[in-house]
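Good morning. I will take one structure and go through a few of its features in turn. Please have a look at it first.

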Amino acid sequence: MSTTYRAIDWNRQKRRYDLTLVVLVALVFLSFMGVSLLRSTHITAETLLIRGSAVTALLLLHVILAIGPLARFDPRFLPLLYNRRHLGVTMFFLALVHSVFATVQFHALGDESPLVSVLTAYRQDYNVFASGGFQPAHFPFEPFGAAALVILFLMAATSHDFWLRNLGAGFWKALHLGVYAAYGLLLVHVAFGALQSERSPAYPLVLGLGFVVIAGLHLAAARKEARLDRAELGAEQDGFISVCRASEVREGRGRVVMARGQRVALFRQQARIFATSNVCRHQGGPVGEGQIVDGCITCPWHGWNYQPEDGCSPPPFQEVLETYNIRVIAGHVWLKATANPLGTRCAGSLVDDR
Amino acid sequence: MVEFVHASLLAIQAYGTLGLVFALAFHWRGLSRLDQGSRGAGLGFRWVITPGVVALWPWLAVRCWRTKQVGSFAEGPHASAAPGRLRAAHGLAWKALAVLLPLAVGVALWWRPIDPSSGDVTESLPRTAAPGSPDASLPPQPHQPETQRSH
Ligand code: HEM
Ligand code: FES
């Protein structure tokens with residue numbers, strides 16, 4: 001939430017993150033090359049590059065897709081989420097290397113321009129029903145890779161916070177949901193491409209396992225969310241709803257509760273309980289899963305700050321979360337179900353645990 | 001099909017060229033008017049957003065135009081995505097993937113040609129020769145048998 005944009009807001013943590021990323025990507029790439037060379041010494045450098053970059057990119061995509069749900073289950077994965085966009089941009093560049101070299105290797109020699117050659121069924125015999133039965137090996141798999149590349153490009157190109165602000169959070173988020181389309185397109189690309197000639201059963205097994213793990217993680221995370229949304233409402237009095245026991249909100253920590261279909265974040269600071277909207281102004285992160293750092297509510301995703309008493313980001317920042325009125329009565333937290341107008345100060349409610 | 005792709009690529013080229021021209025104008029005047037945060041931002045930031053400006057210029061053009069109409073339009077600090085709708089879209093995406101992907105990959109694997117060497121065919125990688133290249137007349141996969149599994 002810098003007031004003046006910078007190309008990359010690097011800090012110590014992000015530098016460490018990026019360094020680790022580069023080292024791991026290089027390791028995967030080199031191991032893939034090593035294994036390929038062990039399996040066959042005839043493989044050319046171009047082929048190694050084409051396949052190595054593709055496999056590394058696809059692996060990275062699996063990591064990217066796994067981080068979100070993992071961080072919902074275990075806060076130890078949050079540091080991975082913190083700089084996920086750098087994973088995405090790295091993946092795009094790997095995919096770009098693969099696409100460019102594959103296009104040059106397989107399409108540059110013809111008399112049709114390479115791009116047209118990639119996008120059309122550039123061979124007369126590229127017909128899945130050419131000789132009677134259905135032949136997946138004749139399915140034009142490359143346009144699927146190209147379509148995925150376009151999506152990955154749009155996501156990488158709009159990963160800077162400038163875009164979040166200037167495209168609007170809704171449009172930006174919708175655009176970035178495109179990652180699922182890209183994943184689908186890529187599995188088709190690989191299934192009808194590489195898997196038609198690559199016979200080792202390890203390939204489809206690993207791909208299938210990847211799908212099951214990613215889908216399973218997302219399913220489990222969705223169930224957890226749904227359980228929260230279905231949480232039963234407590235008693236209601238003068239517009240206040242009983243949401244939990246005060247002892248369930250620990251000092252310096254947050255807790256997410258439901259109030260009439262809205263998620264609200266409760267925080268306890270110096271024996272007072274405060275309530276704000278749970279939706280971070282940055283990318284909609286779950287504020288209530290964060291903690292209080294230096295007196296400010298800190299979003300678990302990328303660390304944006306809000307003051308507990310009025311929901312305002314500390315100056316010079318301007319983001320504001322709605323606050324909610326709170327009453328703590330006999331060890332129970334009662335929450336006013338309607339939010340206050342933006343910027344309203346609430347003193348919070350004193351907890352008497354003793 | 002080839003004509004259609006030619007035409008589409010031409011359209012994309014035109015769109016991109018317009019995008020480049022727009023990007024120049026945008027960096028010259030539009031950017032600092034559209035978003036306060038870009039005032040005083042360095043060259044690195046401008047480079048980082050340029051691919052997106054070229055790709056999404058109509059959106060920015062509308063924003064710039066509306067900013068002129070109503071003063072300031074850059075998304076206020078109070079806007080945020082509707083998390084409920086987003087979760088719904090997310091769920092829908094996974095439902096679609098859960099059905100389509102196993103189906104597609106299943107089809108690709110079930111009907112794939114029987115492997116004649118039943119061993120390593122890594123060397124057969126360059127199976128997509130470009131038209132007009134010397135080996136374009138060869139079948140796409142020299143090792144591929146004529147016989148298909150019959151289902
Ligand atoms: C213009 C875009 C693209 C073209 C022309 C292209 C072309 C190819 C070709 C010719 C192969 C080899 C198929 C075979 O072995 O039979 C391949 C494999 C593959 N591609 Fe792409 N591709 C493109 C985009 C992408 C993208 C964006 C990704 C993202 C990760 C990707 C991932 C893969 C993977 C994982 C493989 C299998 C690698 C292996 O052989 O082990 N491709 N692609
Ligand atoms: S979502 Fe990025 S800091 Fe909250």
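Helix 2 of chain A and helix 11 of chain A are roughly parallel to each other, because their axes cross at roughly 20 degrees and angles under 35 degrees count as roughly parallel (over 145 is roughly antiparallel, 65 to 115 roughly perpendicular, the rest oblique). Before the details, the ground rules. This is a predicted model, in which local features need pLDDT of at least 70, side-chain atom pairs count only at pLDDT 80 or more, and totals for chains, interfaces and linings use all residues. Residues are numbered from 1 along each chain as its sequence is written, chains are lettered from A and ligands numbered from 1 in the order in which they are written, and side-chain values use heavy atoms, with hydrogens and water left out.

Helices here are DSSP runs of H or I with at least four residues, strands are runs of E with at least two, and both are numbered from the N terminus. Back to the pair. Helix 2 covers residues 45–73 and helix 11 covers residues 202–229, and their axes come within 8 Å. An axis is a line fitted to C-alpha atoms, for helices over the stretch in contact, and angles run from 0 to 180 degrees between N-to-C directions.

Which residues of helix 2 meet helix 11? Among them are A:L58, A:H62 and A:L65, and on the helix 11 side the residues include A:L207, A:F211 and A:I214. Contact means heavy atoms within 4.5 Å.

Next, helix 8 of chain A, residues 169–176. Its buried residues are A:A169, A:W172, A:K173, A:L175 and A:H176. They cover an arc of only 160 degrees around the axis, which puts them on the same side of helix 8. The arc is taken from the directions from the helix axis to the C-beta atoms. Buried means under 20% relative accessible area, exposed over 50%, and partly exposed in between, with a 1.4 Å probe and protein chains only.

Now a loop residue. A:Q270 lies between strand 4 and strand 5 of chain A. Its phi is near 45 degrees, a positive value in a residue other than glycine. A:Q270 is exposed, with a relative accessible area of 64%.

Last, chain B. It has four helices and zero strands, and 36% of its 151 residues count as buried.
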